[in-house]
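User: I would like to go through a protein structure with you. Could we take it step by step?

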Amino acid sequence: MKRLLGLMVALGLAAGASQAQAQDRVTLQLKWVTQAQFAGYYVAQARGFYRQANLDVRINPGGPDIAPPQIIAGNRADVIVEWMPAALASRERGVPLVNIAQPFRRSGLQLTCRAETGIRTPQDLRGRTLGVWFSGNEYPFLAWMSRLGYRTDGSAQGVRVLRQGFNVDPLLQRQADCVSTMSYNEYWQVIDGGFRPDQLVVFSYEEQGVSTLEDGLYVLENRLTDTAFVQRMARFVRASMQGWDWARQNPDAAAQIVIDNDTTGAQTIAHQRRMMGEIAKLLDAQGGGRLVQADYERTVQTLLSSGGESPVITRAPTGAWSHAVMDAIR
C-alpha cells in the first residue's frame, strides 16, 4: 500500500511538473515604469487570463535608462511596448521591429503651456522654450515643428528645445513656456503642482493632426517565421486584450492591481485611478487590438513629412507591421 501511495504521489508530482512545464514563457518589456498605462497586462496576469492561455508571462517595467528596442534586440524580451515613431526609427536603423497589435488607438501626447505666456495658438510657439522628451519620444514633436516650419536649433525663427526630464519641473519652475505631457499622467502632475486648467493652454497632438500611434506591441521580424511563436503571441495578445477590456470596465480595481505590482512604492491609488480613466479614452474598444492600416499610414506620413534638419525616417518602411498574430487568434 505504501508503495502504491508513493507511486501515486510521484505520478501526481510528475503530472504537476508536466503541467507547469507546458506553460509557454513570454517576457514583455514595458516602455515605462509600472503604472496604469500598462494596466491591461497586469490585469491579465492578476486575473489569470495569461494562465488560462497557458502562458507564464514575465512583465518587466521600463524606466528612463531602458530602451525597449535595445532590450528586444539583445534577446532579453519576446515582445515590447513601444511608440510607433520610435519603433519605425529603430527599424530604419537596423532593429527589425514589427507591430503585431495596437491596443491604443488614440494618442495621449500633448504640449502643455502656461497661459500667462500669451501662447494661444501653435503660431505663438515661435521663439519660445519648449520642454521635449528624448530617447525616441521626440519624434512626434520634430514632425510637428517641421510641419509648422519651425527649426528646433534655437534660431530666431524657430523654437528653443529644453531637454525635459521625465517630470514637469521646467513648467512648474517657469524654466520653459511649455512642456511635454501625456493626457493621463504629466498633465495631472501640472494640476497637482498648483495650476488650474484655466491657467493652461494644451495642444493635443491628436487635434493638431500630427498624432502618431503609441503603445503598440512589437516583436522581431524573424520570429514571425516560427509558427509556434506566432501561436504563442496570438494567445498573449488575446489574453492581454481581455485584460484591457476588464480594466476599462473596472478602472478602480485595475488601478489597485497596478498599485499591487508597483515594487517602488512611488505610485498612489488616487493618481492611478485618474490615469486609468484617461487611458480608457485612448484604447481600441472595438478592434481587439488589430492595427488599422489607415492609422499606420497616417503615422508614417506624419514622420516622413518631418523632413527638416532631423528627419525621423527617411523612407516609407516595408514589413513594419503584420496581422499574422491577429489572424492566428481563435
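Analyst: The answers below go from the overall fold to some individual residues. Please keep in mind that this is a predicted model.

User: How many helices and strands are there in the protein?

Analyst: The protein has 13 helices and ten strands. Its radius of gyration is 22 Å, close to the 20 Å that the globule rule gives for 330 residues, so the protein is as compact as a globular protein of that length.

User: And what box do the C-alpha atoms fill?

Analyst: Taken along the principal axes, the box is roughly 90 × 45 × 35 Å.

User: What share of the residues counts as buried?

Analyst: Of the 330 residues, 52% count as buried. As for contacts between residues at least 6 apart in sequence, 78% of them join residues at least 24 apart.

User: New topic: how many disulfides does a search of the whole structure find?

Analyst: The search finds one disulfide. Cys113 and Cys178 form it, with their sulfur atoms 2.2 Å apart. The link is right-handed, with 100° about the S-S bond.

User: Which parts does that pair tie together?

Analyst: Cys113 lies in strand E5 (residues 109–114) and Cys178 in strand E8 (residues 178–182), so the pair ties together parts that are 65 residues apart in sequence.

User: Are those cysteines buried or exposed?

Analyst: Cys113 is buried, with a relative accessible area of 0%. Cys178 is also at 0% relative accessibility and counts as buried.

User: What about pockets? What is the volume of the largest one?

Analyst: The largest pocket has a volume of about 500 Å³. It is lined by 29 residues, and the closest to its centre are Lys31, Glu82, Ser135, Gly136 and Asn137. Helix H4 (68–73) and helix H5 (84–92) are the elements that give two or more residues to the lining.

User: How do the lining residues divide into nonpolar, polar and charged?

Analyst: The lining of the largest pocket has 15 nonpolar, nine polar and five charged residues.

User: Now helix H6: is it mostly covered or uncovered?

Analyst: Helix H6 (residues 139–148) is mostly covered, as seven of its ten residues are buried. The buried ones are Tyr139, Pro140, Phe141, Leu142, Ala143, Trp144 and Met145.

User: What covers them?

Analyst: The cover over the buried residues of H6 includes H5, E5, strand E6 (129–132), strand E7 (160–163), strand E9 (200–204) and helix H12 (293–304). Just after H6, Gly149 takes a positive phi of about 85°.

User: Where does Phe134 lie?

Analyst: Phe134 is in the loop between E6 and H6. With a relative accessible area of 21%, Phe134 is partly exposed; the cut-off for buried is under 20%.

User: Which residues is Phe134 in contact with, leaving aside neighbours within four places in sequence?

Analyst: Phe134 is in contact with Val161, Arg163 and Phe166.

User: One last thing: what is phi at Asn54, and what is it at Asn75?

Analyst: Asn54 is a residue other than glycine with a positive phi, near 65°. Asn54 sits in the loop between helix H3 (49–52) and strand E2 (55–60), and is partly exposed at 31% relative accessible area. Asn75 has a positive phi of about 60°, and is not a glycine either. Asn75 lies in the loop between H4 and strand E3 (79–82), where its relative accessible area of 65% makes it exposed.

Key
Residues numbered from 1 in each chain as written. Predicted model: local features only at pLDDT ≥ 70, side-chain atom pairs only at ≥ 80, totals over all residues. Heavy atoms only, no water. 1 Å grid on protein atoms, 1.4 Å probe; cavity = no way out; pocket = protein on both sides within 12 Å on 5 of 7 lines; lining within 4 Å. Points joined across faces, edges and corners; volume = space filled by probe spheres on them. Helix = DSSP H or I, 4+ residues; strand = E, 2+ residues; numbered from the N terminus. Nonpolar A, V, L, I, M, F, W, Y, C, P; charged D, E, K, R; others polar. Disulfide = S-S within 2.5 Å. Buried < 20%, exposed > 50% of the residue type's maximum accessible area, 1.4 Å probe, protein only. Rg over C-alpha atoms; globule rule 2.2 N^0.38 Å. Contact = heavy atoms within 4.5 Å.
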